[in-house]
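Dear colleague,

Please find below the sequence and the structure that I am handing over to you. My notes on what was found follow directly after them.

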Amino acid sequence: MTAATWTATPGRRVPTLRLLRLLPLVATVLLPAAPLPAASGDTGTVAWADIASAVLVVWCTAEVLRRGSRPLTPAAAVVFGLPVVGFAVATLTAADPQGAVPGFVRYLQVFVLVPVAVVLLLRDARDFRVVAGWLVLLALAQGAIGTYQYATGTGASYMGEDIRAVGTFGPTDVMGMATVVSYGLLAALALALRTPPDAPVWLKPCAAAAAAALVVPLALSFSRGSWIATSLAAVAVTALTGLRRAVRVLAAVAALGVVLVGGLGIGSEMISERVGSITRVTHAPDRSVGDRYAMWAAAAGMWREEPAAGVGLKGFPAHRDGHASIGLSSGSDTAGAGRAFEKQPLLSPHNMYLLVLGEQGLIGLTAFAGSLAALLVLGVRRLVRAGGAGGAERAVDCGLVAVGLMLWQTVDFLYADIGGPSTVLTGVVIGLTAWWALGRKVA
């Protein structure tokens, strides 16, 4: 699959002007994978992806002013305005409002500014497909690096061996590659299931091959949350294209898993152990599971202390020890993939909804979760109305991509939260979903 997508005439490349106009958005998609310096593990580090997203917002603002069009529909203004209320309340009511300001800026960047910029910059389905194509390319590149890391023992440390596939994100952001690969897998799967009618003949088999290939690095990421989210999103996307097709695709995926893990033995023992640890909570859970549940309990304790507005943005680390059990470890051990051993402090509960509940209270969680739920519900409704199994709208492939990515994000937030360079991609995914869910009929 190429980064440049197709126009109405099969075989023609996207015009240069289109690529130039979308360049800041493409850069925002690609730069999260840019390796950070070894000494940049501090939470205050500004990644290249953050700079790219700032340029994207400025670029989009200039585009809107130049075009002189109405920026957002009323529905979009409400969907993106609601979370701002929660962010602002949690900042103003925090014990240290000045310390909460960086959190306010971060949340505004990821959940409002970048998504709105994506919505306003995309003019049609072809623009959407350009971004989806780059997501797939990024996933393939990172997946190839991650698979090489596993095969050569140069990945992040996992169970005493440097075999965990992390791509260029390094051991301090082990979810980075898993997130990128999941996005690319779902985008490729959607394009394979519902290929646009004017697409070149090679797109469908290439998209299917890309989705199948990305299963390997996803498995080797040993990311339980990504496995669960990707499985659920893939099943949902496939089901939306018809029950008969869903059965065939799921059978093919099951056969692929048997061949890779059972036949070739790719990480079979460790993958089996990792899968088993998902449900092993009360009986001998591994340390990561125990720490996660301890931090979930701490976030819930913060909410009980400040039920309306929470303890304030960026307040979880300061209030963690006062609400966590004594079983919580001092940090997470990281090593490998070119970096020396270091202990990363546990600064979040690894559950986005509980993090928002603890830091922003019921006000923030209602606004935040309501915004995400609205995008997902409106996106699914439009997809169903467009005819997921045979409708006439030409951009149904975009709807499948958007719904798949958004469903993945909402499920993954049960096991992860924002943090690291890959966080900017969350804003891009929300923007793609909003473009589909809140936009006019596209072709």
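**Helix α5 and its partners**

In α5, the residues Val 136, Ala 139, Leu 140, Gly 143, Thr 147 and Tyr 150 meet Ala 210, Leu 214, Val 216, Pro 217 and Leu 220 of α7; contact means heavy atoms within 4.5 Å. By class, the residues of this contact are 9 nonpolar, 2 polar and no charged. Here Ala, Val, Leu, Ile, Met, Phe, Trp, Tyr, Cys and Pro count as nonpolar, Asp, Glu, Lys and Arg as charged, and the others, Gly among them, as polar.

Please note that this is a predicted model, in which local features need pLDDT of at least 70 and side-chain atom pairs count only at pLDDT 80 or more, while totals for chains, interfaces and linings use all residues. Residues are numbered from 1 along each chain as its sequence is written, and side-chain values use heavy atoms, with hydrogens and water left out.

Helix α5 covers residues 125-152 and helix α7 residues 203-220; their axes come within 9 Å and cross at roughly 45°. Axes are lines fitted to C-alpha atoms, for helices over the stretch in contact, and angles run from 0 to 180 degrees between N-to-C directions. The two helices, α5 and α7, are therefore oblique to each other (under 35 degrees counts as roughly parallel, over 145 as roughly antiparallel, 65 to 115 as roughly perpendicular, and the rest as oblique). The crossing of α5 with α7 is left-handed, a term used if the near helix is turned anticlockwise from the far one by less than a right angle, whereas clockwise is right-handed.

Ala 125, Phe 128, Val 131, Leu 135 and Leu 138 of α5 meet Leu 425, Val 428, Leu 432 and Trp 435 of α15. The residues of this contact are 9 nonpolar, with no polar and no charged ones.

**Helix α6 against α14**

Helix α6 (residues 174-193) and α14 have axes that come within 8 Å and cross at roughly 150°, which makes α6 roughly antiparallel to α14. Their crossing is right-handed. From α6, the contact includes Met 175, Ser 182 and Tyr 183, and from α14 it includes Asp 397, Trp 408 and Asp 412. By class, there are 10 nonpolar, 4 polar and 2 charged residues.

Which residue lies 6.7 Å from Val 136, C-alpha to C-alpha, although it is 51 residues apart along the chain? That residue is Ala 187. Val 136 belongs to helix α5 and is buried, at a relative accessible area of 0% (buried means under 20% relative accessible area, exposed over 50%, partly exposed in between, with a 1.4 Å probe and protein chains only).

**Aromatic pairs**

Rings of Phe, Tyr and Trp (its six-membered ring) pair if their centres lie within 6.5 Å; planes under 30 degrees apart count as stacked, over 60 as edge-to-face and the rest as tilted. By this rule there are 12 aromatic pairs. Tyr 158 and Phe 222 form a stacked pair, at 4.5 Å centre to centre and 5° between the planes. Tyr 158 lies in strand β1 (residues 156-158) and Phe 222 in the loop between α7 and α8 (224-239), so this pair ties together parts 64 residues apart in sequence. Tyr 158 counts as buried at 6% relative accessibility, and Phe 222 counts as buried at 0%.

Tyr 353 and Phe 413 form an edge-to-face pair, at 6.1 Å centre to centre and 85° between the planes. Tyr 353 is in helix α13 (residues 352-386) and Phe 413 in the loop between α14 (396-412) and α15 (423-438), 60 residues apart. Both Tyr 353 and Phe 413 are buried. Ring pairs also link these two with Phe 87, Tyr 107, Phe 111 and Phe 368 into a cluster.

**Positive phi angles**

Most residues other than glycine have a negative phi. Phe 222, not a glycine, has a positive phi of about 55°. Lys 314, not a glycine either, has a positive phi of about 65°. Lys 314 sits in the loop between α11 (287-305) and α12 (316-323) and counts as partly exposed at 48% relative accessibility.

**The chain as a whole**

The protein chain has 15 helices and 4 strands; helices (H or I, at least four residues) and strands (E, at least two) are DSSP runs, numbered from the N terminus. Of its 443 residues, 53% are buried.

With kind regards
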